[in-house]
Amino acid sequence: MTTNNPTVIVYTDGACKGNPGLGGWGAFLKYGEHEKFLKGGEKFTTNNRMELNAVIEALKALKFACTINLYTDSKYVQKGVTEWLAGWKRNGWRKADRSPLLNADLWQALDQEIQQHTIHWHWVKGHSGDPGNEIADRLANEGASSVI
């Protein structure tokens, strides 16, 4: 995939009130001076599902192939994509011990979305004052509140 594509900055976050419980996801996308704010929620979900949904929905919002600097405070998402995904696919969407992969539906959806882009994955510490992460966190909490 060529890296001559436009570069987009994406921050994603998930939130859950109880785990499982009421959840929300948020994404903040920035391309030059353009910004997009996305959020959504579910009545009964987990934090990990919301973290995955945030990334999936952010990537779905892009209308063409991009180079993306994606920031997440979820090691589950970041390590899942950069370290574990290839093995899960090789094992038929099962873990190394052949047990079922949790959230396989979302990992498969994410796998489809990432094929279209060049993504540089970055982990950021949550609630540490990173402006993009704080925006994504606010959006995720708003997403959770919207389904009450």
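**Exercise 1.** In this predicted model, determine which elements the buried residues of helix 3 pack against.

*Solution.* Step 1. The buried residues of helix 3 pack against helix 1, helix 2 and strand 5.
Step 1. The residues concerned are Ala104, Leu106, Trp107, Leu110, Asp111, Glu113 and Ile114. Each of them is buried, with under 20% relative accessible area.

**Exercise 2.** Describe the largest nonpolar core and identify the element that gives the most to it.

*Solution.* Step 1. In soluble globular proteins, nonpolar side chains tend to be buried together.
Step 1. Here the largest nonpolar core comprises 32 residues, and those with the most contacts inside it are Leu29, Leu59, Trp107 and Leu110.
Step 2. At least two residues of this core come from each of strand 1 (7-18), strand 2, helix 1 (47-60), strand 4 (67-72), helix 2 (75-90), helix 3 (104-114) and strand 5 (118-123).
Step 3. Helix 1 gives the most, with seven residues.

**Exercise 3.** List the residues that Leu29 touches, not counting residues up to four places away in sequence.

*Solution.* Under this condition, Leu29 touches Val8, Ile9, Val10, His34, Glu35, Lys36, Leu38, Ala58, Ala61 and Leu62.

**Exercise 4.** Characterise the largest pocket by its volume and its lining.

*Solution.* Step 1. The volume of the largest pocket is about 240 Å³.
Step 1. Its lining consists of Val8, Leu29, Lys30, Tyr31, His34, Glu35, Lys36, Ala61, Leu62, Lys63, Phe64 and Cys66.
Step 2. Two or more lining residues are given by strand 2 (21-31) and by strand 3 (34-45).
Step 3. By class, the lining divides into seven nonpolar, one polar and four charged residues.

Conventions: Residues numbered from 1 in each chain as written. Predicted model: local features only at pLDDT ≥ 70, side-chain atom pairs only at ≥ 80, totals over all residues. Heavy atoms only, no water. 1 Å grid on protein atoms, 1.4 Å probe; cavity = no way out; pocket = protein on both sides within 12 Å on 5 of 7 lines; lining within 4 Å. Points joined across faces, edges and corners; volume = space filled by probe spheres on them. Helix = DSSP H or I, 4+ residues; strand = E, 2+ residues; numbered from the N terminus. Nonpolar A, V, L, I, M, F, W, Y, C, P; charged D, E, K, R; others polar. Core = buried A, V, L, I, M, F, W, Y, C linked by side-chain atoms within 4.5 Å. Buried < 20%, exposed > 50% of the residue type's maximum accessible area, 1.4 Å probe, protein only. Contact = heavy atoms within 4.5 Å.
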